[in-house]
Amino acid sequence: MGDLLSGVLPLLPLFPLVAGGWAWRASGGTAGRRINLGVQGAVLVAFILALGLIFSGPLNVVYAIGGSPSVVALSLRLDLVTAVMGLLVASLGAVIVRFSRGYLAGDPRQARFLSWMCLTLSSVLMLIIAGNLQLILAAWVATSLSLHRLLLFYPDRPGAVFAARKKFVASRLGDLCLLVAVIIVFRHYGTGELESLFQAAARGDTQPLPRVGLLLAACAALKSAQFPFHSWLPDTMETPTPVSAFMHAGIINAGGFLVIRLSPLFAHAPSAMALLALLGSLTAAFGAVVMLAQPSVKRALAYSTIAQMGFMLLQCGLGAFGLALLHLVAHSLYKAYAFLHAGSTIGSRSKAAIRLQVPALALGVLVSGLMVALSTTLLTVLFPDKPPSAGLFSLVLTLAIAYGLARLWSAGGGRGSALRGTAVAIGLAGVSFGLHGAATRLMFPFPAVTSPLALRVFIGALFVGLFLFQALLWRSGHYPLGRVLYVHALNGFYVGTWANRLLGRLWPRHTTD
């Protein structure tokens with residue numbers, strides 16, 4: 001079985017890569033059929049690998065390319081993270097490619113667009129199965145460069161070109177951080193093989209890991225559009241919708257994936273973990289506030305992605321790597337659906353326009369608190385070894401359910417609608433804690449990390465403040481301060497404006513762009 005998986009594993013990125021080259025100069029219809037074969041093949045391979053992991057366990061394969069395999073090698077890794085991410089990305093890629101065939105039907109550049117989509121998909125899949133830092137770095141850069149070509153699909157749009165340039169600069173800074181981290185690791189350990197690095201860290205050889213962790217945390221923050229490096233993401237909305245869907249559902253998760261993949265190294269870098277938690281919590285709050293003020297559907301979804309990526313890095317920073325992987329999967333599925341169905345939201349009622357009544361808010365907090373308390377008790381009985389950060393995530397879930405119930409009860413719809421909504425909330429609390437417990441039990445290879453109490457208290461207070469802001473947002477127009485805050489939130493608190501000015505000095509626009 002191991003020999004079979006060793007032969008199948010390289011096919012995961014190879015199928016879409018070959019299909020992309022095969023379709024480069026074909027007609028639109030022919031290119032679509034060839035691309036479809038490639039992505040469907042990747043889905044089949046991902047499914048075979050997932051089954052192989054269940055029956056044969058983890059696998060590390062090293063293909064030496066002359067010289068020492070620790071320096072020049074194609075090293076591939078099959079484990080739980082590989083299987084989950086491979087199935088997720090391959091399946092989403094197949095759906096988005098199929099959507100692209102209809103979306104760009106009749107466009108003379110459809111074949112080239114589909115080819116770049118396949119190359120981007122292949123780069124992401126190579127990143128997922130990479131078993132050493134050299135290959136991770138190569139796939140990381142290839143993903144960014146191929147995405148850059150998709151962002152420039154409409155080169156005659158100055159806004160799209162400028163946004164692509166902003167993304168390009170942020171990505172190169174992230175690449176530099178990753179490159180320096182790889183160099184430091186090689187100078188100390190003499191290898192970039194993940195399995196060897198994890199074993200060395202477990203033995204106590206952790207001298208360079210605090211510096212490496214900070215560099216990797218910065219790389220992840222830049223890749224996942226964390227504050228204050230986030231402004232490129234909302235500005236890329238002029239790109240075709242399939243690109244937005246794939247970027248928000250797959251590529252933007254690369255920062256979180258990098259932290260999860262290298263979690264045995266991050267466990268020995270407490271300053272990097274604290275940085276991830278702090279930066280992630282601030283980004284989650286910032287993105288959620290700005291999202292509520294956006295009139296554009298796609299920009300609201302972009303700020304939603306920023307907030308969700310912040311929360312995912314917050315989970316990583318608190319040591320909840322299993323929950324972060326679960327969150328990554330859920331966010332990818334939701335965001336792909338949201339972008340591909342963005343047109344159906346036209347004319348819907350704004351969340352900020354719903355008047356939230358005080359009794360509904362109070363009752364929502366009470367009911368959600370009881371739900372979460374019961375679920376937490378059951379989780380403690382079933383999984384007594386839950387991490388210390390579980391209490392913080394219980395608080396966040398309580399606030400989220402309370403806000404949802406308050407919106408439901410305030411919007412009307414009768415007693416039947418309220419009862420159905422309450423039943424859904426109860427089921428959501430139970431399913432959420434069930435998934436949390438399963439993630440904690442299934443993700444046993446992830447290291448246990450304890451975050452400082454002061455940091456958890458600060459993050460809890462931040463989310464309580466965010467809940468109060470959302471609850472009072474509908475009254476913002478009644479007060480001068482509220483109106484001023486709304487305008488600032490509408491403009492993203494002008495962080496993007498400052499970034500645009502800086503980029504304008506570094507890379508001036510031209511009338512020919």
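**View 1. Phe113, Phe153 and Tyr154 are linked into a cluster by ring pairs.** The model is predicted; local features need pLDDT of at least 70, side-chain atom pairs count only at pLDDT 80 or more, and totals for chains, interfaces and linings use all residues. Residues are numbered from 1 along each chain as its sequence is written, and side-chain values use heavy atoms, with hydrogens and water left out. Rings of Phe, Tyr and Trp (its six-membered ring) pair if their centres lie within 6.5 Å; planes under 30 degrees apart count as stacked, over 60 as edge-to-face and the rest as tilted. The whole structure has 6 aromatic pairs. One of them joins phenylalanine 153 to tyrosine 154 in an edge-to-face arrangement, with 5.1 Å centre to centre and 65° between the planes. Phenylalanine 153 is buried at 7% relative accessibility, and tyrosine 154 is buried at 18% (buried means under 20% relative accessible area, exposed over 50%, partly exposed in between, with a 1.4 Å probe and protein chains only).

**View 2. Two charged side chains sit over aromatic rings.** Arginine 172 lies over the face of phenylalanine 168, 4.6 Å from the ring centre. Lysine 223 has its charged end over the ring of tryptophan 140, at 4.9 Å from the centre. The criterion is NZ of Lys or CZ of Arg within 6 Å of the ring centre and within 35 degrees of the ring normal.

**View 3. A network of salt bridges links Arg77, Asp79, Glu195 and Arg261.** A salt bridge is a side-chain nitrogen of Lys or Arg within 4 Å of a carboxyl oxygen of Asp or Glu, and the whole structure has 6. Glutamate 195 and arginine 77 meet at 2.9 Å, N to O. Glutamate 195 lies in helix α8 (residues 194-202) and arginine 77 in strand β2 (residues 73-78), so this bridge ties together parts 118 residues apart in sequence. Helices (H or I, at least four residues) and strands (E, at least two) are DSSP runs, numbered from the N terminus. Arginine 77 is buried, with a relative accessible area of 10%, whereas glutamate 195 is partly exposed at 32%. In the bridge between arginine 261 and aspartate 79, the closest N and O atoms are 2.6 Å apart. Arginine 261 is in helix α12 and aspartate 79 in the loop between β2 and α4, 182 residues apart. Both arginine 261 and aspartate 79 are buried.

**View 4. Aspartate 235 and arginine 299 form a salt bridge (3.5 Å, N to O).** Aspartate 235 belongs to helix α10 (residues 232-235) and arginine 299 to helix α15 (residues 297-317), so the pair connects parts that are 64 residues apart in sequence. Aspartate 235 is partly exposed at 23% relative accessibility, as is arginine 299 with a relative accessible area of 26%.

**View 5. The second largest cavity holds about 70 Å³ of space.** A cavity is a set of points on a 1 Å grid over the protein atoms alone where a 1.4 Å probe fits but cannot get out; lining residues have an atom within 4 Å of a point. Grid points are joined across faces, edges and corners, and the volume is the space filled by probe spheres set on the points. The structure holds 4 cavities of 30 Å³ or more. Residues lining the second largest cavity include Met85, Val89, Leu127, Thr143, Asn253 and Phe257. Helices α4 (80-103), α5 (110-129) and α12 (254-261) each supply at least two lining residues, and the largest share, 3 residues, comes from α5. The lining has 8 nonpolar residues, 3 polar and no charged. Ala, Val, Leu, Ile, Met, Phe, Trp, Tyr, Cys and Pro count as nonpolar, Asp, Glu, Lys and Arg as charged, and the others, Gly among them, as polar.

Conventions. On a 1 Å grid over the protein atoms alone, a cavity is a set of points where a 1.4 Å probe fits but cannot get out, and a pocket is an open set with protein on both sides within 12 Å along at least five of seven lines; lining residues have an atom within 4 Å of a point.
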